[in-house]
Amino acid sequence: MFQLNGITISIDRAYTAPDGTKYANLRDPAIRSALGVVEVPDPESYDQRFYWGVGNPKLLNDREEVDENGNPLYVKVLGTDENGESVMVDSDERLVTKGLKSQWIAQVKDTAGKMLAQTDWMVIRKAERDVAIPESVATTRAAIIAEADRLEAAIAGCADVEALIAVVGSQDWPKA
């Protein structure tokens, strides 16, 4: 990454210097040096699925939200006031911020559901007309369900974000 006066620039784009000199690009180290362009290390990267920033992990577990006084917050719904005007009012449902565990378990369920959906018609056919499900299909469906169950249990058991990253990286869905 290159910077000029603290501003990140691309050395592959045309550049016009303050004195009006035009450069097709800044790939030449001598030109960069003369202009004061410096190479700086790229910012430390992080996985945005798990972190808000470097060393700042996202919420792992679900959290019931409270106000500044510790009072529970509730989901707002559309209601009406005494004049019949539409207003937002509290419902009976607590406001919950979903953590990474809930999000990844939902993702696992979605993936398994999509994989199983491809052969659901065979299960329905078996139930409705007693036509056998091919053994390879039954085996694959069982493997999908087993992998989903394994991942859900492993995700639920994660104590920190690093453990969750390891579990998510260990996904081993069967090939169809």
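This is a predicted model: local features need pLDDT of at least 70, side-chain atom pairs count only at pLDDT 80 or more; totals for chains, interfaces and linings use all residues.

Q: How many helices and strands does the protein chain have, and what makes a run of residues count as one?
A: The protein chain has 5 helices and 11 strands. Both are DSSP runs numbered from the N terminus, a helix being H or I over at least four residues and a strand being E over at least two.

Q: Which class does R49 fall into, and why?
A: R49 lies in the loop between β5 (38-39) and β6, and because its relative accessibility is 46%, it counts as partly exposed.

Q: What makes T119 and R141 a polar contact?
A: A polar contact is a pair of N or O atoms within 3.5 Å; within protein, one must be able to donate a hydrogen and the other to accept it, and residues adjacent in sequence count only if both atoms are side-chain atoms. The side chains of T119 and R141 are joined at 2.8 Å, so the pair qualifies. R141 is found in helix α4 and is itself buried, with a relative accessible area of 15%. By the same rule, the side chains of R49 and D47 form a polar contact of 2.7 Å.

Q: Which residues does R141 touch, and what counts as a contact?
A: Contact means heavy atoms within 4.5 Å. Not counting residues up to four places away in sequence, R141 touches L116, T119, D120 and V123, while T119, with its neighbours within four places left aside, is in contact with V137 and R141.

Q: How do you know what span to expect for α4?
A: The expected span of a helix is 1.5 Å times one less than its number of residues. With 22 residues, α4 reaches 32 Å from its first C-alpha to its last, close to the expected 32 Å. For α2, which has 18 residues, the reach is 25 Å, close to the 26 Å expected.

Q: Why are the buried residues of α4 placed on the same side?
A: The buried residues of α4 are V137, R141, I144, E147, A148, L151 and I155. They cover an arc of only 125° around the axis, the arc being that of the directions from the helix axis to the C-beta atoms, and this puts them on the same side of α4. On the other side, E135 and A153 are exposed, and what covers the buried residues includes α2, α3 (120-129) and α5.

Q: What makes the buried residues of α5 line one face?
A: In α5 (residues 161-169) the buried residues are V161, L164, V167 and V168. Seen down the axis, they fall within an arc of 115°, so they line one face of the helix. They pack against β6 (51-53), β7 (56-57), α2 (100-117) and α4 (135-156).

Q: What makes a set of residues a nonpolar core, and how many residues has the largest?
A: A nonpolar core is a set of buried Ala, Val, Leu, Ile, Met, Phe, Trp, Tyr and Cys residues joined through side-chain atoms within 4.5 Å. The largest has 19 residues, and those with the most contacts inside it are F50, L100, W104, L164 and W173. The elements giving two or more residues to this core are α2, α4 and α5, with α2 giving the most, 6 residues. A second, separate core of 7 residues includes F2, L4, I11 and A17.

Q: How does the radius of gyration compare with that of a compact globule?
A: The radius is taken over C-alpha atoms, and the globule rule is 2.2 Å times the number of residues to the power 0.38. A compact globule of 176 residues would be near 16 Å, but the protein chain has 28 Å.

How values were computed:
Residues are numbered from 1 along each chain as its sequence is written. Side-chain values use heavy atoms; hydrogens and water are left out. Buried means under 20% relative accessible area, exposed over 50%, partly exposed in between (1.4 Å probe, protein chains only).
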